[in-house]
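Hi,

Here is the structure I promised to pass on. Have a look at it first, and then read my notes below.

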Amino acid sequence: MLRRINLSAAIIVLICFFLSWEQISCGGAKDSVSGLDLAQHEHVLLWLIPLLMLAVLVFGLLRRHSANRQAFSIISAVCGGVAAYLMNDERMRVNDEAGVISVQLTGWFWLGFISSLSMIITAIGILVRRQRAP
């Protein structure tokens with residue numbers, strides 16, 4: 001069950017990367033910027049988020065053996081941690097740049113951020129869970 005939640009959270013983070021993260025408004029004009037837009041123009045490290053989520057999905061879907069449970073949980077926790085760190089860095093950047101232009105984080109950003117945190121939590125749960133007796 002935890003493995004399914006973990007893979008679902010990775011899918012959510014991957015999808016949310018392509019949806020709008022920031023809503024920018026100045027006067028009467030409004031625009032929104034996705035994680036993809038930010039990675040292409042300003043923050044190259046944000047490219048790690050979709051790459052790491054794809055790595056978790058590929059590793060999680062190809063390795064269905066319980067023997068690789070520890071490897072999957074470690075990879076998932078590290079990838080979720082890196083994604084959460086990068087998204088938190090983006091959140092802090094948005095909050096620091098308060099000026100004439102109003103920038104707000106969208107619900108898609110928060111859904112992706114919470115999903116990356118849930119990846120860490122479920123990966124730790126997978127790691128510490130007891131293995132069933134044969």
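In helix H1, the buried residues are Asn6, Leu7, Ala9, Ala10, Val13, Leu14, Cys16 and Phe17. Before going on, please keep in mind that this is a predicted model.

H1 itself runs over residues 2-17, which makes 16 residues. From its first C-alpha to its last it reaches 23 Å, close to the 22 Å expected at 1.5 Å a residue. So what covers its buried residues?

Strand S2 covers residues 29-34, and Ser34 is found in it. Is Ser34 buried or exposed? Ser34 has a relative accessible area of 9%, and buried means under 20%, so Ser34 counts as buried. Setting aside neighbours within four places in sequence, Ser34 is in contact with Phe17, Phe18, Leu19, Ser20 and Trp21. Phe17 is one of the buried residues of H1.

Val33 is buried because its relative accessible area is 14%, with the cut-off set at under 20%. Which residues does Val33 touch, not counting those up to four places away in sequence? They are Ser20, Trp21, Glu22, Ile24 and Leu38. As for Leu19, its C-alpha atom and that of Val33 are separated by 8.1 Å, with the two residues 14 apart along the chain.

Cheers

Note on methods:
Residues are numbered from 1 along each chain as its sequence is written. This is a predicted model: local features need pLDDT of at least 70, side-chain atom pairs count only at pLDDT 80 or more; totals for chains, interfaces and linings use all residues. Side-chain values use heavy atoms; hydrogens and water are left out. Helices (H or I, at least four residues) and strands (E, at least two) are DSSP runs, numbered from the N terminus. Buried means under 20% relative accessible area, exposed over 50%, partly exposed in between (1.4 Å probe, protein chains only). Contact means heavy atoms within 4.5 Å. The expected span of a helix is 1.5 Å times one less than its number of residues.
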